[in-house]
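Hi,

Here's the structure I promised to pass on.

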Amino acid sequence: MESKRPASAESGEASDEKRRKCEEEDEQKTESKISLSSGSRDEQNIQASTSTAEVIIIEDKKEQDVKQKDKSDGSGDGNSDSQVAGETVLVVNGNESERWQISCRTIKDRMSKLYKSSYLTDCVFIVGDTNIKEYKLHSLILSMASPVFEDLLSDDTNKEIKISDVESDVFDQILEYIYLDLLHLESVEKAQSLYRAAQKFKLTLIIERAVQLMMSNMSIDNIWPTMESARVTCDNILRGECLKYFKKHVKEMLKHPKFLTVDRSLVEDLVSEEILEGVLESELVTGVTNWAKAQCEINNIPNTLESKREVLGSKIVSKLRFLTLPQLSFVKEVAFTSTKPEDAILTREESYAILLNLIVPGIEPLPEIVCKESRVRIAGKLRVSRKVLPGGTFPPPFSMPFPAAQFDKMVVMSSPSPLSAFGAKNFCCEIVVSYPIKLLGIQVPTFFLPQNMSEYEENYIVTVQSSNSTRNLFHTTWKGKVKYNSQVDIMFKDSVQFDRNIKYSIYIYTSNMYYVSRRLSHHENRPPVQFTFKDTVSYFGAPSNAKLITDLSFLTELIYNL
């Protein structure tokens with residue numbers, strides 16, 4: 001009688017047979033499988049024929065336990081789809097391949113997907129004042145980027161947040177930075193608005209980049225919103241940089257229409273400065289007066305003396321150094337007049353007391369609000385440039401038949417020409433000033449327009465003498481390369497004091513021969529200083545009876561302060 005095999009054994013053999021068949025089929029499909037390395041996902045090469053396939057690593061502990069149990073008791077369910085845990089297999093599943101996580105392989109891709117969609121969002125921002133826009137965002141991502149966002153989103157009951165002081169286009173840039181790590185600072189104007197928003201949300205990298213752009217591209221026209229941003233955000237570093245720029249260009253800034261709208265604190269800082277580059281006290285007083293008038297108009301209050309004084313306040317008025325003004329300038333530009341009382345910021349009594357002290361210092365007690373300082377501010381480097389006079393041909397007996405070139409600047413040649421037949425290495429300029437100055441340096445021209453050359457070597461020796469003394473007041477040498485068709489500033493190590501109505505002579509000796517043919521102005525007015533110039537040139541090769549030629553110039557500019 002034939003023995004009957006147990007049902008369990010037959011079932012086990014059937015299961016083993018099916019498993020062997022699956023393994024054979026897997027070996028035949030090896031070439032079409034996708035190998036996924038655990039250390040490098042980027043080395044995948046998914047073929048077009050398996051575009052809807054996914055590689056899945058099965059790590060289901062429960063299924064592993066079932067397999068082990070089947071092996072141990074020799075039973076199995078005969079399901080060939082069951083896989084050993086940890087085995088890499090190819091599963092074709094159209095629905096799974098469409099999930100967004102599958103196509104996003106990097107953090108950047110995933111963040112971009114979240115940024116462009118509303119998937120998984122858990123908070124809403126209503127942003128803008130004029131152009132209101134709604135944003136569905138992710139509180140975790142925002143909180144990771146900014147402590148301000150973290151505080152706003154810490155309350156689980158408040159997931160709709162309104163921000164009216166940031167426009168939506170600026171908020172778009174902030175979200176691009178937070179989600180995509182992108183920062184576009186294309187202009188100073190965009191940097192200024194983005195800077196304010198970054199300060200609000202404490203986004204330090206945006207703040208740093210915006211400040212760098214604003215400082216490197218600062219100009220008279222775009223500095224105003226930058227100063228306002230520094231004021232609103234209480235950024236003392238940026239404010240200090242703006243004030244430093246303002247001080248260097250204060251003369252132009254005072255005349256700019258935007259100055260009339262600046263914050264009062266900036267005007268207070270300005271009048272408190274000891275050093276203001278290139279501006280006179282009269283110009284500062286005029287600028288402050290115009291600012292006060294504009295503020296009256298902006299605030300819809302009458303343009304009266306009382307209103308302007310209220311706008312200015314004692315802190316500004318008491319810092320204006322009226323006692324440093326020339327008498328005539330004070331009377332014409334600053335003092336109270338009955339014909340135009342709306343132009344004044346001083347009362348009749350204050351004006352009278354100041355004028356008496358300008359005539360005879362200390363003769364009359366000054367009102368308490370009037371500044372007692374009689375020292376002028378340190379004006380930095382002031383410059384007086386001499387204008388080129390028409391003509392420019394040689395005076396007799398050296399006049400040439402050819403007219404001078406019609407240049408509007410000083411021109412010197414490196415060789416004889418119809419415009420300049422005689423060269424010189426020795427130049428002198430006599431100077432008289434109507435108001436004391438400190439001479440800081442001079443400016444002289446270089447050779448005009450050579451071919452295929454950019455620089456040449458030059459040695460200058462400069463000596464300053466006074467008609468009241470036989471000794472030199474100052475002596476210096478300068479050596480180096482200079483550019484063609486330009487000017488050279490020869491700065492003095494120590495300033496030289498020029499007193500009023502005394503003749504001073506500046507001697508300039510050069511190593512190269514310069515052929516000069518232009519005449520420069522004999523008088524220049526830079527209130528409170530009137531300059532008088534007289535030029536003398538010692539020509540090489542000129543007739544002995546005309547060795548010293550006057551009226552031809554080499555010194556083009558004085559650099560000084562008051």
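This is a predicted model: local features need pLDDT of at least 70, side-chain atom pairs count only at pLDDT 80 or more; totals for chains, interfaces and linings use all residues.

Let's start with helix α16, residues 305-317. If its 13 residues formed a straight helix at 1.5 Å a residue, they would span 18 Å, yet the end C-alpha atoms of α16 are only 12 Å apart. There's a bend of about 55° in α16, and you'll find it at Val-311. Val-311 is also one of the buried residues of this helix, along with Leu-305, Ser-307, Lys-308, Arg-309, Leu-312, Gly-313, Ile-316 and Val-317. What covers them? For the buried residues of α16, the cover includes α14 (264-272), α15 (281-298) and α18 (348-359).

Next, the sheet. Four strands make up an open sheet in the order β6-β17-β9-β12, and the pairing is antiparallel. At the edges sit β6 (382-385) and β12 (487-498), each of which pairs on one side only. From one strand to the next, the twist averages 25°. If you zoom in on β6, you'll see 4 bridges joining it to the antiparallel strand β17 (residues 557-561). Arg-383, for instance, has Ile-559 in β17 as its bridge partner.

Last, a helix pair: α11 (residues 223-233) and α12 (residues 236-248). Their axes come within 8 Å and cross at roughly 145°, and the crossing is left-handed. On the α11 side, the residues that meet α12 are Ile-223, Trp-224, Thr-226, Met-227, Ala-230 and Arg-231, while α12 brings Leu-238, Arg-239, Cys-242, Tyr-245 and Phe-246.

Cheers

Notes. Residues are numbered from 1 along each chain as its sequence is written. Side-chain values use heavy atoms; hydrogens and water are left out. Helices (H or I, at least four residues) and strands (E, at least two) are DSSP runs, numbered from the N terminus. The expected span of a helix is 1.5 Å times one less than its number of residues. The bend at a residue is the angle between axes fitted to the seven residues ending there and the seven starting there. Buried means under 20% relative accessible area, exposed over 50%, partly exposed in between (1.4 Å probe, protein chains only). Contact means heavy atoms within 4.5 Å. Two strands pair if DSSP finds at least two bridges between them. Axes are lines fitted to C-alpha atoms, for helices over the stretch in contact, and angles run from 0 to 180 degrees between N-to-C directions. A crossing is left-handed if the near helix is turned anticlockwise from the far one by less than a right angle, and right-handed if clockwise.
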